[in-house]
Amino acid sequence: MDFDRFRLRCFMERLVAAGQCQVIDEPIDLIDVARLLDGQEKAVWFKAVGPERFELVGNVAGSRHRLALAFDVKPHELPLVIRAAAQNPIKPVEVDSSAAPVHQVVAVGDAASFLNLPIHLQHELDGAPYISASIDFARDPATGGTNIGIRRIMLRGANVAGVDLNAPSDLRAIYLQAAERGERTEVAYVVGAHPIDLIAGSASARVKDEFELMGALRGSPVPVVKCKTIDVMVPADAEYVLEGYLEPSGFIEAEGPYGEFLGYYGEVKKNPLFRLTAVTHRSDALFQTATIGGRFLGRTDTSQLTAAKTEATVWGALEQAVREPKAVCCTPSAGGMFNVRVSLRQRYPGEARNVISAVFGSVADVKHVFVVDDDIDVFDDGQMDWALSTRFQADKDIVIASGFRAVPIDPSLGGARTGAKAGFDCTKPMATGKPLHYVIPEPPVLKPSAFKSALDALASGPASFLELMAAQGSRDGRDVLRVLESLYAEGRISREADGRYSLRTTRK
């Protein structure tokens, strides 16, 4: 097995070579990590964090360009690649512990401690330091396969932490069923993962074993190894693995506040307790932290990962609603979830409304849908603003509905459990009766002409000024004006409704 192809360290080296990573060699304290990451456009590689001089990386997935680089595709192709992978699962391959790089260093029992890791305080009002870039792995008793997700962990001490399980998720369902039986839920957390694995942790898939989705996204089988202290499989090529279990005592641990992915704080909640039983890692492991919340949402790991997941989900809904969707963009500056832009080539009147309805009803918790024609680049804020300004009338092109499932941490809900959605039809009417009404002006480009002169072209039928220039062999235009001037004087020229010139059959 190639244990380095999807290793985080190797990907970081690619980012450095591509100019997408800032390397900080000088020693820094843990309290300075968040400040140096805040608003950073590049990934950051800290070479000496804390008195132990840990290597720590952050903001790895904080741009669409870096996510695309992880998949070796163009940025706009991301949702289609993720969507296609879900249709082609690849089974994992188990390797022996002696061969697994993540088992090169093993600490079990009292030797396993959160306090031996570079876990930092991320926001000024956070309840404690958080592990924010962890992927959780748990065995699903119902299927026998592995469930994969992304969860944050708030430290309470050397081997106890609170894990956020308030939001609906497969792990929450697995935990509640186990807790009802009075049983522990064994969970392993990977910290230090390739961006493709982070996408796998955030994506939704209807597969028995979600390692198959991770393998599909990688394009090759995931090498997996059994944990040292629990019956859970994890990627053998990870940087760190934190093994342990969720206590069956229920939602008893005060967890939070925490700076959430929408840019505001989440309140203190009650969550289950996680007890650490082992820490395993590579001999030269990188620890990882994720950027989340704050004033620069578009540059954070969480918004970019959420946007990738949302776009893939929306594509799935569009495939059943319209014939030719062209592009989908979920803006990371809105948390990667709430505002979605869709371009399509309309074949029939009403297809823009189909798009709005399809996105409203999808599992991607979108609040606002902006639909444009395929001549608009949905990744260009200026073009989107132009379409909204010139192709949208608020009294007839907006769709508003209420009573939808909502994300509880959205502060605009005001405590309500359901919310409203709005769709903006910013497409051109399919027929206006004005041929130039929605034609976009472009710089003139001369094309070869079959005519010997402007007069020959006019004799053949109506022609634009540019077509007359081409026929005249002109790269100036003023010589064409002289031809037209004489025709005007003779009363032989007229204009079509679309502005083209034509010869009169009779003099005027």
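Modeller: A salt bridge is a side-chain nitrogen of Lys or Arg within 4 Å of a carboxyl oxygen of Asp or Glu. The model is predicted, so local features need pLDDT of at least 70 and side-chain atom pairs pLDDT 80 or more, while totals for chains, interfaces and linings use all residues. Numbering starts from 1 along each chain as its sequence is written, and side-chain values use heavy atoms, without hydrogens and water.

Biologist: How many salt bridges does a search of the whole structure find?

Modeller: The search covers the whole structure. The number of salt bridges it finds is 39.

Biologist: R64 forms a salt bridge with E311; how many residues apart are the two?

Modeller: The closest N and O atoms of R64 and E311 are 2.7 Å apart. R64 belongs to helix α3 (residues 64–71) and E311 to helix α8 (residues 301–318); helices (H or I, at least four residues) and strands (E, at least two) are DSSP runs numbered from the N terminus. The pair thus links distant parts of the chain, at a separation of 247 residues.

Biologist: Are R64 and E311 buried or exposed?

Modeller: Buried means under 20% relative accessible area, exposed over 50%, and partly exposed in between (1.4 Å probe, protein chains only). On that scale, R64 and E311 are both buried.

Biologist: What class of accessibility does R181 fall in?

Modeller: R181 pairs with E183 in a salt bridge, with 3.1 Å between the closest N and O atoms. E183 has 37% relative accessibility, and therefore counts as partly exposed. R181 has 46%, so its class is partly exposed.

Biologist: D381 and R341 also meet in a salt bridge; which strand holds R341?

Modeller: The N to O distance between these side chains is 2.9 Å. D381 lies in helix α10 (residues 381–390), 40 residues from R341, which is in strand β20.

Biologist: Why does D381 count as exposed, and why is R341 buried?

Modeller: D381 counts as exposed because its relative accessibility is 54%. R341 is buried because its relative accessible area is 12%.

Biologist: Which residue has its backbone oxygen 2.5 Å from a polar atom of the S134 side chain?

Modeller: S134 sits in strand β6 (residues 130–139) and is buried, with a relative accessible area of 0%. Contact means heavy atoms within 4.5 Å. Not counting residues up to four places away in sequence, S134 touches G149, I150, R151, I153, Y189, V190 and V191. The backbone oxygen at 2.5 Å belongs to R151.

Note on methods:
Polar contact = N/O pair within 3.5 Å; in protein donor to acceptor, adjacent residues only side chain to side chain.
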